[in-house]
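Reader: Hi! Could you walk me through this one while I have it open on my screen?

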Amino acid sequence: MAKSNKPIIWFPFAAGGTVIAFFIPVIVLLTLLAALGHVPAGLSYDSLRALAACGLGKLLIFGVIALSLWSSAHRLRCTCYDFGLRADTLVANVLYLAAAAGSIATAVYLLRI
Amino acid sequence: MKERLVQLDVFRYNPDTDTAGHYQHYEVVCQDEWVVLDALNKIKETIDPTLNYRWSCHMAVCGSCGMMINGEPKLSCHTFLRDYAGVIRVEPLTHFPVERDLVTAPDDFIEKLKRVKPYLIPKEPKPISEGEYLQTPAQLKKYHRFTLCINCMLCYAACPEYGLTPKFIGPAAISLAHRYNQDSRDGGRDERQEIIASKEGVWECTFVGACSEVCPAHVDPAGALQQVKIASSIDWFKEHLLPGGGK
């Protein structure tokens with residue numbers, strides 16, 4: 001029996017799951033604070049823009065967004081399968097393409113900063 | 001001792017006379033501290049000797065009395081009547097073919113268990129004269145939890161993936177393969193990986209986690225399968241990205 005090539009999909013999914021677990025609650029909290037008008041000094045527009053302007057910052061932001069998108073796409077694919085949606089190839093293509101489009105858009109925006 | 005009248009709807013199927021299963025209603029006086037298996041035993045002894053089900057140890061060790069109780073996979077010797085109100089529905093373990101009444105055919109699980117080679121495959125043959133294989137407590141701790149499996153198959157009844165894809169090797173067999181892969185005395189990991197790292201192996205698992213919720217021995221099969229996924233992914237990247245397959 002041949003070994004599966006699933007790790008190409010699963011490994012970024014697992015990495016994205018870890019990123020989501022650690023980063024997304026913090027981002028949600030900070031966004032809420034910002035919406036209520038309490039932006040911490042270090043997270044002002046200018047300092048965040050400076051972060052997105054440096055190479056390491058771009059890489060960090062891209063990593064968080066792309067891995068989260070990939071992980072969510074794969075989780076949604078598994079959920080569709082578990083709920084009995086058997087058109088797995090179609091579901092996988094649509095969801096992974098959406099994640100890829102989001103990742104490319106992120107890269108384009110980051111490179112334009 | 002406190003007693004109460006317990007009502008059960010029990011699945012009945014006789015392959016010689018029935019084309020489909022049906023439910024039979026029983027009412028039996030039970031003691032408050034009894035388990036579902038005690039109620040079934042009393043039904044068989046006093047009301048209906050034709051009722052069929054498997055059991056042996058009555059102490060959650062042998063793993064033979066697994067059945068669906070109000071829709072959940074449970075060991076009937078470990079499921080207390082006092083935790084249920086109203087009519088208790090008792091059915092054979094789901095995802096397995098029914099042989100008769102509550103008795104299911106475990107052949108598929110047994111065949112998968114054999115395929116993953118759940119036994120020690122020593123790295124090198126060692127004569128008895130050279131003494132025993134030594135192991136530290138830390139090495140034992142790495143796999144000890146996964147040795148607790150009693151092969152009761154509740155995890156297969158709970159796993160929606162096994163229900164959807166019967167070829168899936170499943171929680172208990174992969175956990176047991178992992179148990180031997182993690183054993184410092186073992187050298188058979190490559191042979192087992194051929195089976196459990198295949199498409200029908202660990203990659204069918206979508207981490208629903210129901211296996212760990214129903215496991216009466218607290219093996220945590222879902223945890224074992226995630227560890228297998230990480231190890232199999234590292235193998236894959238070594239084999240495809242490192243020169244010489246990372247050997």
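Author: Happy to; what follows is a chat about the two chains and their contact. Keep in mind that this is a predicted model.

Reader: Thanks! Let's begin with chain B. How many helices and strands are there in it?

Author: Chain B holds nine helices and seven strands. Its C-alpha trace spans about 70 × 40 × 30 Å along the principal axes.

Reader: And what share of its residues counts as buried?

Author: Of the 247 residues of chain B, 37% count as buried. As for its contacts with a separation of 6 or more, 65% come from residues 24 or more positions apart.

Reader: Nice. In what order do the strands of the open sheet run?

Author: The order is β2-β1-β5-β3-β4 in chain B, five strands with mixed pairing. At the edges sit β2 (22-31) and β4 (72-75) of chain B, each pairing on one side only. On average, neighbouring strands of this sheet are turned by 35 degrees against each other, direction ignored.

Reader: Mixed how? Is the pairing of β1(B) with β2(B) parallel or antiparallel?

Author: Antiparallel: β1 (residues 3-12) of chain B and β2(B) pair over 10 bridges. To see one of them, look at B:F11, whose bridge partner in β2(B) is B:Y23.

Reader: Got it. What about β1(B) and β5(B), parallel or antiparallel?

Author: Those two strands pair in the parallel sense, over four bridges. There you can find B:D9 opposite B:R89 in β5(B). β5(B) also pairs with β3(B), in the antiparallel sense and over two bridges. In that pairing, look for B:I69, which stands opposite B:V90 in β5(B).

Reader: Which strands does helix α1 of chain B lie across?

Author: Helix α1 (residues 36-46) of chain B lies across β1, β2, β3 (66-69) and β5 (87-91) of that chain. Relative to β2(B), the helix runs at about 105 degrees.

Reader: Let's switch to chain A. How many residues does its helix α1 have?

Author: α1 (residues 7-35) of chain A has 29 residues. From first C-alpha to last, the helix reaches 39 Å, close to the 42 Å expected at 1.5 Å a residue.

Reader: Where is the kink in α1(A) centred?

Author: On A:I20, where the kink is about 35 degrees. And just after α1(A), A:G37 takes a positive phi of about 85 degrees.

Reader: Which residues of α1(A) are buried, and what do they pack against?

Author: The buried ones are A:P7, A:P12, A:F13 and A:G16. The buried residues of α1(A) pack against α3 (55-82) of chain A together with α9 of chain B.

Reader: That takes us to the contact between the chains. How many residues does each chain bring?

Author: Chain B brings 15 residues and chain A 11 residues. On the chain B side, the elements giving two or more residues are α7 (189-196) and α9 (221-241). α9(B) gives the most, with five residues. By type, the chain B side divides into seven nonpolar, five polar and three charged residues.

Reader: I've clicked on A:K3. Where does that one lie?

Author: A:K3 lies in the segment before α1 of chain A. Leaving aside neighbours within four places in sequence, A:K3 is in contact with B:Q193, B:E194, B:A197 and B:S198.

Reader: Why does A:K3 count as partly exposed?

Author: Because A:K3 has 19 other C-beta atoms within 10 Å, and a residue counts as buried at 20 or more.

Technical notes. Residues are numbered from 1 along each chain as its sequence is written. Chains are lettered from A and ligands numbered from 1 in the order in which they are written. This is a predicted model: local features need pLDDT of at least 70, side-chain atom pairs count only at pLDDT 80 or more; totals for chains, interfaces and linings use all residues. A residue is buried if 20 or more other C-beta atoms lie within 10 Å of its own, exposed if 12 or fewer, and partly exposed in between; C-beta atoms are placed from the backbone. Two residues are in contact if their C-beta atoms, placed from the backbone, lie within 7 Å. Two strands pair if DSSP finds at least two bridges between them. Axes are lines fitted to C-alpha atoms, for helices over the stretch in contact, and angles run from 0 to 180 degrees between N-to-C directions. Ala, Val, Leu, Ile, Met, Phe, Trp, Tyr, Cys and Pro count as nonpolar, Asp, Glu, Lys and Arg as charged, and the others, Gly among them, as polar. The expected span of a helix is 1.5 Å times one less than its number of residues. The bend at a residue is the angle between axes fitted to the seven residues ending there and the seven starting there.
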